[in-house]
Amino acid sequence: MSKRDYKNTSVQEPPLDYSFRSIHVIQDLISEEPRVGLRPLKHSKSGKSLTQSLWLNNNVLNDLKDFTQVASQILEHPENLAWIDLSFNDLTSIDPILTTFFNLSVLYLHGNSIQSLGEVNKLAVLPRLRSLTLHGNPIEEEKGYR
């Protein structure tokens, strides 16, 4: 499958879903099995997932250390990530590593512990970001949140 074909088809692929797995550190994704959905995941010849969606919601992550390295181990084309769900974790800031995924269009960060509205400014470099959720974070209480 060419990279062009991959970009055109993988948006419809089911997400790589690690939600509700009590994951504490990103490195746990390597040994953890993703949840099974209604549609089977497709994999490359090397065994990596062919999807543009990574769901890590409802875990206990407090940082994204080694996110890029781990994404490269589990995704065939991590640079094409379009949707990352990090909702309902223990993140206190928006890790700059997220700004390296230029195809990111959906980023769920609601239900975390992000305290500074200034954290959101980091995401301004993402040209395709269309959907960002932040409700349920302490920044809701900051003046100018809405």
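**Exercise 1. How do S1 and strand S2 (residues 53-55) pair, and over how many bridges?**

Before we start: this is a predicted model, where local features need pLDDT of at least 70 and side-chain atom pairs count only at pLDDT 80 or more, while totals for chains, interfaces and linings use all residues. Residues are numbered from 1 along each chain as its sequence is written, and side-chain values use heavy atoms, with hydrogens and water left out.

Solution. 
- Step 1: Strands (E, at least two residues) and helices (H or I, at least four) are DSSP runs, numbered from the N terminus. Two strands pair if DSSP finds at least two bridges between them.
- Step 2: S1 and S2 run in the parallel sense, joined over two bridges. Asp17 stands opposite Trp55 in S2.
- Step 3: Now zoom out. The order S1-S2-S3-S4-S5 makes an open sheet of five strands with parallel pairing. Strand S1 (16-17) and S5 each have a single partner strand, so one side of each is left without a neighbour in the sheet.

**Exercise 2. Work out how Asn112 is placed and what surrounds it.**

Solution. 
- Step 1: Find Asn112 in the loop between strand S4 (106-108) and strand S5 (131-133).
- Step 2: Check the accessibility. Buried means under 20% relative accessible area, exposed over 50%, and partly exposed in between (1.4 Å probe, protein chains only). Asn112 has 6%, so it counts as buried.
- Step 3: Look for polar contacts (pairs of N or O atoms within 3.5 Å; within protein, one must be able to donate a hydrogen and the other to accept it, and residues adjacent in sequence count only if both atoms are side-chain atoms). A polar atom of the Asn112 side chain lies 3.2 Å from the backbone nitrogen of Asn89. The backbone oxygen of Leu109 is 2.9 Å from a polar atom of that side chain.
- Step 4: Not counting residues up to four places away in sequence, Asn112 touches, among others, Phe88, Asp90 and Pro138.

**Exercise 3. Follow the contacts from Phe88 to Asn59.**

Solution. 
- Step 1: Phe88 sits in the loop between strand S3 (83-85) and S4. With a relative accessible area of 43%, Phe88 is partly exposed.
- Step 2: Leaving aside neighbours within four places in sequence, Phe88 is in contact with residues including Asn59 and Asn112.
- Step 3: Asn59 belongs to the loop between S2 and H3, and at 6% relative accessibility Asn59 is buried.
- Step 4: The side chain of Asn59 has a polar atom 2.9 Å from the backbone nitrogen of Ile23. Among the other residues that Asn59 touches are Tyr18 and Phe20.

Key: Contact = heavy atoms within 4.5 Å.
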